[in-house]
Amino acid sequence: MKRTVNTFKKSYDKERKLALLTAYDYGMAKIIDSCDVDGILVGDSLGMVCLGYENTLRVTMEDMIHHIKAVSRGVENALVIGDMPFMSYHISIEDAVRNAGRLVQEAGAEAVKLEGGSDVLSQVKAIVKAQIPVMAHIGLTPQSFNMMGGYKVQGRQLEAANKLIEDAKRLEEAGAFSIVLECIPKDLAEKITDSISIPTIGIGAGPKCDGQILVYNDMLGMYSGLKPKHVKVYSNIGDMMAKAIRDYVNEVKDGDFPTDDQSFKIANDGLNKLY
Ligand code: KIV
């Protein structure tokens, strides 16, 4: 069933939570899309898990467009959300709308995500006015890595917690259709979830959010960089892949692959007529 922003209306299906994952290429997008997920985020986490950068700050609009194109070709059901990279919505409102538009028009995203609270309200309003649904993202916002002094749980102190509640309310007023809450205390996430009428999508924000998102490489044990506390590794596919690749390499080196099973035969007596 095709998911749209309507799937993300809180009142749509109170019984079931929203399940989202990231994807960055056609093959994985197809697999993930076949598993009943509600949304696929082409996150700027691609900078770390696909491009080998230390953080997300070097990801460009061209990187995002390239990967969103591939993902959207593989998705039939989930809502495809494209992440707006660092500096694509910070310089001017016009720039923000133009770049959001590129993710939709050139790449095929059906919604965009951007990081920030009260500081990005004008961008959210302008992008929504251009008829592009916006997913907001507060708490630990990785593009603010340098300002935050690293990847740290946010909103532990009263003032910061109140600011996040206020930010969530204002983002809803600005027109966001949902909000990612990243790495904040679970009680605060619950309070935010109860304070707004758009769904909260948690990552390291406890079980009371309206939905959850994970980076697929983390939950499948395919990324050997950071190992955040909030990630549950559902299967160690990374180790399984390494074993299969090692088996292949050894079989090639020992002359055990390919066998007749993987080889082709010449037609009838063709062998005798070869030069
Ligand atoms: O870039 C990303 O993958 C994200 C998710 C972790 C929410 O922003």
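On a 1 Å grid over the protein atoms alone, a pocket is an open set of points where a 1.4 Å probe fits, with protein on both sides within 12 Å along at least five of seven lines; lining residues have an atom within 4 Å of a point. Points are joined across faces, edges and corners, and a volume is the space filled by probe spheres set on them. This is a predicted model, in which local features need pLDDT of at least 70 and side-chain atom pairs count only at pLDDT 80 or more, while totals for chains, interfaces and linings use all residues. Residues are numbered from 1 along each chain as its sequence is written, and side-chain values use heavy atoms, leaving out hydrogens and water.

The largest pocket holds about 800 Å³ of space. Its lining has 38 residues, and Glu-182, Cys-183, Ile-203, Pro-228 and His-230 are the closest to the pocket's centre. At least two lining residues come from each of α2 (46–49), β4 (111–115), β6 (178–182) and β8 (211–214).

Now to the ligand. Residues around the ligand (a heavy atom within 4 Å) include Thr-22, Leu-41, Gly-43, His-137, Ile-203 and Val-215. The table lists polar contacts, pairs of N or O atoms within 3.5 Å.

| Side chain | Distance to a ligand oxygen atom |
|---|---|
| Ser-45 | 2.5 Å |
| Lys-113 | 3.0 Å |
| Asp-83 | 3.2 Å |

Taken alone, the ligand exposes 260 Å², and the protein buries 95% of that (areas by the Shrake-Rupley method with a 1.4 Å probe).

What about the backbone? Most residues other than glycine have a negative phi, and most peptide bonds are trans. Met-87, however, has a positive phi, near 75 degrees, and sits in the loop between β3 (79–83) and α4 (93–105). The peptide bond from Phe-257 to Pro-258 is cis, with omega near 0 degrees, and Pro-258 belongs to the segment after α10 (237–254). Helices (H or I, at least four residues) and strands (E, at least two) are DSSP runs numbered from the N terminus.

Conventions
Polar contact = N/O pair within 3.5 Å; in protein donor to acceptor, adjacent residues only side chain to side chain.
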